[in-house]
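Work through the exercises below with the sequence and the model side by side, and try each task before reading its solution.

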Amino acid sequence: MSEKSETVTKPGDLVQLVGLSHKSFIFTLQEGAEFHTHRGVIKHDDLIGKQWGTQIFSHNGSPFFILQPSFTDLLRGIKRATQIMYPKEIGYILLYMGIGPGQHVLEAGTGSGSFTSALAHAVGSTGRVYSYDIKESSQEIAKKSIAKLGLLDHIDFKVRDIQSGFDERNLDAAFLDVSNPYDYLKQVRDALKPGGYFGCIVPTTNQVIKTLVALRREDFAFIEVCDISVKFYKTEPTRFRPTDRMIAHTGYLIFGRKVQVDRDLVDLKLLKEVGMLGLDDEDSSDGDVFEGQE
Ligand SMILES: C[S@@+](CC[C@H](N)C(=O)[O-])C[C@H]1O[C@@H](n2cnc3c(N)ncnc32)[C@H](O)[C@@H]1O
């Protein structure tokens with residue numbers, strides 16, 4: 001990807017051409033290459049050295065704007081082998097879990113690589129993403145998409161059923177996008193550093209409830225659940241109003257942090273405040289709230 005501060009295009013830059021009817025194409029500029037669309041042919045050489053944000057024309061006069069693609073644009077272009085995660089969730093997850101340069105993080109499953117790309121971009125060349133999937137075929141598709149973004153070097157791909165655990169230890173964060181995250185929280189706990197972040201996304205409330213129970217069982221604290229809606233508007237000043245369609249539901253996000261609890265020194269009030277105890281625990285509490293969990 002090109003540096004955001006640059007004002008003109010150069011070979012090796014990812015460019016986005018946006019033509020009529022919002023039709024958008026993203027590709028890497030290469031000297032001597034041509035880009036063919038149903039709206040005509042464009043020589044890469046004619047695009048090199050152009051100012052970002054200007055108009056260019058194909059051989060038959062079709063107009064396009066030439067732009068630096070945002071990360072959202074890149075994620076939209078990812079080939080889908082599976083259901084993918086969307087920018088509205090990805091942006092929030094990265095901030096919430098504090099994922100940034102130099103961090104070591106894991107995710108499962110890789111799927112189509114949408115979230116993998118965002119993680120790799122966030123941790124940068126000094127960080128590392130460990131991405132697990134049980135299916136080699138979807139990982140191969142994901143790798144091709146991620147290669148186009150120049151982010152493959154930041155990722156270790158592993159083909160494995162995560163039931164058998166993760167190789168890494170002391171990770172900063174772990175995120176699961178699988179249908180049964182509640183079955184793998186022991187494995188996640190083993191891979192995280194103390195205080196490390198856990199997150200997952202699930203589409204149904206049934207899965208949320210199972211995950212909440214499992215998070216308590218595995219001593220995760222600071223548990224939060226949310227879902228994120230984004231509403232778009234038609235940007236015509238004379239009849240400004242919401243767009244006709246919106247995505248009503250994608251999934252519930254669940255977060256928690258690995259904490260260490262000394263069972264001889266438990267403070268029930270604090271444990272309750274950080275989401276490790278429920279109402280039932282409080283009502284029946286005689287100080288033996290961990291019965292059956294050892
Ligand atoms: C919904 S997709 C993940 C999409 C991905 N987050 C993205 O943004 O493109 C779920 C993936 O989890 C993988 N998966 C499901 N169960 C798994 C398991 N037990 N171990 C490893 N991968 C698993 C599936 O093969 C599938 O590729």
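For the first exercise, Ala, Val, Leu, Ile, Met, Phe, Trp, Tyr, Cys and Pro count as nonpolar, Asp, Glu, Lys and Arg as charged, and the others, Gly among them, as polar. The model is a predicted one, in which local features need pLDDT of at least 70 and side-chain atom pairs count only at pLDDT 80 or more, while totals for chains, interfaces and linings use all residues. Residues are numbered from 1 along each chain as its sequence is written.

**Exercise 1.** Describe the shell around the ligand by its residues and their classes.

*Solution.* Taking a residue as near when its C-beta atom, placed from the backbone, lies within 6 Å, we find 21 residues around the ligand, the closest being Gly 109, Gly 111, Ser 114, Ile 134 and Asp 177. Next, the elements that give two or more residues to this shell are α4 (114–123) and β8 (128–133), where helices (H or I, at least four residues) and strands (E, at least two) are DSSP runs numbered from the N terminus. Finally, sorting the shell by class gives eight nonpolar, nine polar and four charged residues.

**Exercise 2.** Work out how strands β3 and β4 are arranged.

*Solution.* Strands pair if DSSP finds at least two bridges between them; here four bridges join β3 (residues 34–37) to β4 (residues 40–43), and the two run antiparallel. Within this pair, Glu 34 stands opposite Lys 43 in β4. With two residues between them, β3 and β4 form a hairpin.

**Exercise 3.** Locate the domains of the chain and the separation of their centres.

*Solution.* The domain assignment, whose bounds come from an automatic or database source, gives domain 1 (14–69) and domain 2 (74–260). Taken over C-alpha atoms, their centres are 32 Å apart.
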